[in-house]
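This briefing is meant for a reader meeting the structure for the first time.

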Amino acid sequence: MDDFSYQKPSTLGDAVEAFSAADDGVYLAGGQTILPVMKLGLAAPEEVIDLNGIEELQAITASDSVISIGAMATHATVAASEDVKQPLPALASLAGIIGDPQVRNRGTIGGSIANNDPAADYPAALLALGATITTDKRQIAADDFFLEIFETALEDGEIITKVDFPVPDAAAYMKFANPASRFALVGVFVARTGNSVRVAVTGAGPCVFRVGDMEAALEKDFSAAALDGITVPTDDLNADIHASAEYRGHLIGVLAKRAVEVAKENGDGQ
Amino acid sequence: MTDVSIGQAVKRAEDERFLTGQGNYIDDINLDGQARAAVLRSPHAHARINGIDASAAEAMDGVLLVITGRQWVAEGMGTLPTKTSVRKGRNDTDINEPPRHCMANDTARYIGEPVAFVVAETQEAANKALEMIDVDYEPLDAVVDPVKALAPEAPQLWNDIPNNLCIDFELGDKEGTDKAFEEADHVITLDLINNRVTAVPIETRGCVGSYDAATETYTLYNSTQNVHANREMFAVNVLGIEKEKLHHIAPDVGGGFGAKNSAYPEPPMVLHAAKKLGRPVKWINTRSDSFLGDTHGRGQTSRVQLAINNDGTFLALRTETVGGIGAYCWTIGPFTPTGGSARTQGGPYTFPTMYYRGRAVFTNTAPMDPYRGAGRPEATFQTERIIEYTARKLGLDPVEIRRKNLMPPEALPFKSPMGMEIDCGDFPLLFERTLEMAEPGAFAARAEKAIKAGRLFGFAIAPYLECTGGAPKEYAGVQFKEDGTVTLAVGTSSTGMGHETVMPQLLAARLGIDYERIQFTQADTDATPIGGGHGGSRGMEVGGNAVAQAADEIVEKAIPLAAHLLQSEATKVTFGDGSFSDTASGASVAMAEVIEASMDPDRLPDGQEPGALDTGSTFERGIISIPNGCHAATVEVDPETGAIQLTGYWVMDDFGTVINPLLADGQVMGGVAQGIGQALTENIIYDESGQLITGSLMDYGLPRADVIPNMEIEYYEGAPTKKNPLGVKGAGEAGCVGALPAVVNAVLDALKDHGVVHLEMPLTPESVWRAIRDKGAFDPEGLMSDVL
Amino acid sequence: MPKINLTVNNQSVTKEVEGRTLLVELIREGLGLTGTHIGCDTSQCGACVVHVNGQPVKSCTMLAVQADGADVLTVEGVSPDGGLSPLQQALHEHHGLQCGFCTPGMVMTATALLNDNPYPTEAEVRHGLEGNLCRCTGYQNIVEAIMAAAKEIRG
C-alpha cells in the first residue's frame, strides 16, 4: 500500500483535531477492514489516525438495564466480558462468532458499525436491541444510524465513543455463514423487551433492516410458530454466487424462528 | 543408534525446523543484490493485443527492465512443450498443440495470462510499474464452458484449431459396449459435472534466479515439484541452452498437490532477466494471481451410462466426457480428461466391457494440469455416481448392488477393458471391512436421533480403484562419509509427504544402519543425474524402490569386503538383519562396521579403493500399480437450510506394503479433506465473459477444521504387488479418489425420501434446499445432449 | 518515519518503520524472522499469526507501528531454549504437519488457545482453528495434537 502519516492520539479531542487537520484521513480502529482494503489498493488515505491509544474508548460497563460498550472494545473482549455475558449472552455470543479468533482479537465494535458492511454481525444486534450510539458530538439511535451499504449517519470525522445496549428480556442471534469468508450470508437477531419485539436482519440485504411483519406477529405470540407464512420480499435482497435472493429470503424465515426458539429457551437473557 | 524398520511409524525428521520457524521456503531465500519482479497479467479472458507501450513504466524510478510478449519472442525465446502421453485421438487424428510462449504476444487467451514482465529495485517499484504499462487490448468474445466451446458458433481460441478441440480420445471397446447396451434389460444415463477446483497450496509459487557470466550457468531456486523435467523445458526449449547450464533447486516447498508440477512461464522470465541485468531476480506470486494463473483441476462434464440386467449384474459402462483444459495444452493438460480419466473407469467392479471417450477442449480459462488424482477422482466419481443413481432408479439397495458386482479376488489378475493390469487385491474384503467400521447396525438409531433433531441422516460407501503414474524412472545415490554420516540423494520431490523421513527409513532398515546418521537431499539437479520429481503417487513406488535397490546393490558390493573382514569367502557370507554372517563359522560383522572398513585403506583387501560402497542406482518401474480401497461416510443434513455436516468417515486402503503408516495416514487424510472441499465448498467460477469470480479465499471455500470430520483409517497389506520389489501401491492421491462419491452419495442418501437423486458439486446448502423444494426435479440428460 | 520500541521474543527491538509497514513485514524483513509466513492477501489463511501482548493476531493485518510498546511473540520464540514446547512436541508426535507452511500459524494459535482454555473440547479446538487454513493434513492430527498437548500441560 501507499505510505501515509501515522498518528496515535491519546485523547478523543486530539483525534478529532487530527482528522480535521488531515487532507485525506481515516480512523484506524481494529484495522481488520481498513487494512485489507488498503492492501488491495482500494483506499489510499494520506493520514491514518489510530484510535487504539484512547483508553476511555475501551471500557465496558453494565447496569441492570444498560450495557455500555466502548467503541474500541474488541470482539474478543466483548465475547468474554462477564458484564456482557451475564445480562445479554446473545450479544456476547454474537461477538464470539465474528470472523475468526485472530480477527476478534483486533476488530472492534466501533470499527464494525462505522463501516456498515452488509454482512457484518453487529448491526443486527444494535438494530434489534434498539441500541444508542454515542459519538464525540451526539447520540444516534440505531434506527437512524445504519443508512445504506457502507454508509451510516456519521459525519466526516465523527468518532463513535460507545454503544449502549438496553438489556432485553429475551434475545438470540442466529447466523448462517458464508463458508469461505465466514461473513453472515444471513444473520437474524431477535429481542423482546416486555411486549415489544424487534427483529433485525443482516447479510440478506444491502443494509441491516427490521422485519415489521415478524415483529408484529411475535408481539402477539412470541413463538416460532407465529412466524409461519411470513415472508420477506426478495426483490431487494442480495444475490451472489454464495446465495440467491430467494434463498436468503428463505433463510431469514428459518433463522428468525430458530432465534425465537433460542430466545425463549434462554428466557430472561440468562 | 536408531533402529528403524519398514512398516514403522517413524516420526518425521523435518518437523523440528518446521515447528520452530526454521523452514527454508522460497520467500525466505534472498540473494545479494537481488531485484524484484512483477508480472502484468491480462484482465481480459480473450483479447487481441494491438500494442504495448511500456515507455512510461521503463522511465520510472527503480525500474530496471520491462519485457513485453512481443519482445520476448523477438529475443528468440522458445515455447514450452506439452508432455502429455496421449497424442493420438479417434480416427487416427493428432493432438492439436498450440504454441505456448511464456507471455501472450498478439492475443491474450485467459484472464491472468502474462503479457509483460517487469523487474525493479523493489517490489513496490515493480508493482507500480505494472500500472504504467499501457496495453492496447481489443476484447473478443470468450468461452469458458468446455461443452459450449465445442459448439460451431463458439469463439475460436486458435485459428487453426476448429471447435477448440485439442484431442478427441477414446479407449475401450466401443462395439462391444454398444452391443451390451442394446441387449441390456436397463440402460441408465446420467449427465454430471466434476467441478473445477484449484489446489491452493498455502504457499504460493515463487522463484529466485541468478546468472553467473563466468561459467554461463543459471541457478534457479523454485517452489516446484519437478526440478529435472522443468529444467529441461526452461533451459532447452525456452532459453535455448544446454540443460546442464541450469542448476534447478527446490527448497522447502509449502504444498503443491500437482499445481507446482508444471512448467510455468515465470521462471524462464526470471532467469532471462537475471542474465540481462547481471543481478539475481526474485519473483513471488500473490494469492490473487495464484487463483488466476496456477493450474486448475477437474472441470469435466460427462455423460455416464450403465447397462445392467434385471438381476443387478453390470453389463457395460460407457462414459463420454468433455474437459476444458484452458487456452493451452500446458504440461500434461490434455491427459487428464482423456487417458487420465479413462484408465480406472469401472472401478473394482466386474464390467465385461467398457468404453470411454474424452475430449480435451480449449477454453478461455486458467490452464488445467494434474491436480491430486488427475482423472482418477473423476473416473471413480463417474462410476460410483452412476451406480448409486441406478440403484435409486431401479429400487435396488446401493450396498447390495456394489457387493454383487465387486470383482472377487479369484478373478485376479485381470486386465480390465481399459487396459489396467489389476494384479492383486481383495475388493470384497475391503468393502465388508469398511462397512463393518462404519457400524451399519447403528444407523437406524442414528437416523432416528437425527430426525428428532430435525435433520436427515445419510450413508454411502464408495469402493475405488486407483492407479499410479508419474515418471517411471528414479535415481537414488548413497555416499558414506568418513565421519559416519551417510548422504542419500533421491530425484523425487516431497512437498510435505515426509520423504526426508521415509527414504532414510527405508535405507536404514534395509542396511541395518543408524537412521539418524542419514542426511537426505532431494529436488536438486546437481544432487541426482535424473529425477522424476513428483506426480502419480510415485514417491514410494518409484523413489522408494530406487532407494531399496541402491541398498541391495550396496549389500552386494559389501559381501566381498565382509568376507575379507570375516576371513572367509564371499560364497559363505550372507546378509540379514543388518549384519553379514559366515554360514560356516557363525561369525558376523555388522554392516556399519563394513561401511567403516570400506573407507579405511588399512582394512581393505589389496587393490580395493576406499569408497567403493558408494552407489548410485536407477530404478525403472515396469508397470504402474493398482492401489484400491473403500471410503464410507455418514452425513446429517438440515433440510430447512440445506446445511450438511459430515458425522463419520471410514477408509480402508490397500497400498500394498506400507512403509510408514503415520505418513500414509497423513496422505489419506489430506486427500480426503481435498475431496470433501470439492464436494461441499470449493468451486472455481468464471462468469460468461471469462472473469474469475472466485478469485480469493473470501469466495473460494477452502474447508476449515470445523468441516472435516475425524477419519478412521485402516490398511490391508494382504496383497503387496509384485509389480515392484517393495510391493508398494502408491498412496498419495487415493484420499481424493474415494472422497467425492462417498460424500456426495451420502448426502443423496439423506435426501432420498425427498426424491432427490442427483446434485452437482459443490453441494452448497442452497443447492440442497432447492433440490428438496423441487423434489429432486432435474434433467439427467441436460448437459451433454448438444455434443453427443 | 515512526520509530517504534517493542519486544520480540523477549528481546528489545528499536526500529524505524514506515507507517504502512505491516507487522509481518517488520518481522520477516526487518528482523529476519522468517518463520512467520504469508499465504494469502485477504487475511484468511492464518499462516502469519503471531502473539501481540499474548493474543494471537494476523500479523498481515496489523501495522508495525501498532505494535509499538507491545510484546510480540513469533514461532521462533515459543521454545527459546531449544527443544520443543509441549504443543510443538505433540504436533510432532501426532504428525500434525506436512509441508510445514501453515505450521507456525497453527503453533501460535494453538499455544494461545491452550493458554486461554486448558480444558478444550474437540469442538472448541476445531472452532478455535477457524482462522488457520491447512491444505495438507485435513486437520485431524492437528486437533489430536492440541488435545494431547492440553493433557500434557495440565499434568
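Two parts are said to be in contact where their heavy atoms lie within 4.5 Å. By that rule, the contact between chain C and chain B takes 43 residues from chain C and 51 residues from chain B. This is a predicted model, in which local features need pLDDT of at least 70 and side-chain atom pairs count only at pLDDT 80 or more, while totals for chains, interfaces and linings use all residues. Residues are numbered from 1 along each chain as its sequence is written, chains are lettered from A and ligands numbered from 1 in the order in which they are written, and side-chain values use heavy atoms, with hydrogens and water left out.

- The rule finds five salt bridges across the interface of chain C and chain B, a salt bridge being a side-chain nitrogen of Lys or Arg within 4 Å of a carboxyl oxygen of Asp or Glu.
- Asp27(B) forms a salt bridge with Arg28(C), and the closest N and O atoms of that pair are 3.1 Å apart.
- On the side of chain C that touches chain B, the elements giving two or more residues are α2 (86–93), α3 (103–116), α4 (122–128) and α5 (140–154) of chain C; helices (H or I, at least four residues) and strands (E, at least two) are DSSP runs, numbered from the N terminus.
- Of these elements, α2(C) gives the most to that side, with four residues.
- Sorted by class, the side of chain C that touches chain B has 16 nonpolar, 18 polar and nine charged residues, where Ala, Val, Leu, Ile, Met, Phe, Trp, Tyr, Cys and Pro count as nonpolar, Asp, Glu, Lys and Arg as charged, and the others, Gly among them, as polar.

**The two domains of chain C**

- Chain C is assigned domain 1 (3–77) and domain 2 (86–154), with bounds that come from an automatic or database domain assignment.
- The C-alpha centres of domain 1 of chain C and domain 2 of chain C lie 21 Å apart.
- Between these domains of chain C, 17 residues of domain 1 are in contact with 13 residues of domain 2.
- The area buried between domain 1 of chain C and domain 2 of chain C is about 1100 Å², and carbon and sulfur atoms give 67% of it.
- His37(C), His51(C) and Val75(C) supply 40% of the area that domain 1 of chain C buries against domain 2 of chain C, more than any other three residues.
- The count between domain 1 of chain C and domain 2 of chain C is zero salt bridges, whereas the rule for polar contacts finds four residue pairs there, both residues being at pLDDT 80 or more.

**Salt bridges within chain B**

- Over all chains, the count comes to 75 salt bridges.
- The side chains of Asp27(B) and Lys282(B) meet in a salt bridge at 3.2 Å, N to O, and the pair links distant parts of the chain, 255 residues apart.
- Asp27(B) is partly exposed at a relative accessible area of 25%, while Lys282(B) is buried at 1%; buried means under 20% relative accessible area, exposed over 50%, and partly exposed in between (1.4 Å probe, protein chains only).
- Arg770(B) forms a salt bridge with Glu766(B), their closest N and O atoms being 3.0 Å apart, and the two residues, four apart in helix α20 (residues 765–773) of chain B, are separated by about one helical turn.

Terms used:
Buried area = accessible area lost by both parts, 1.4 Å probe. Polar contact = N/O pair within 3.5 Å; in protein donor to acceptor, adjacent residues only side chain to side chain.
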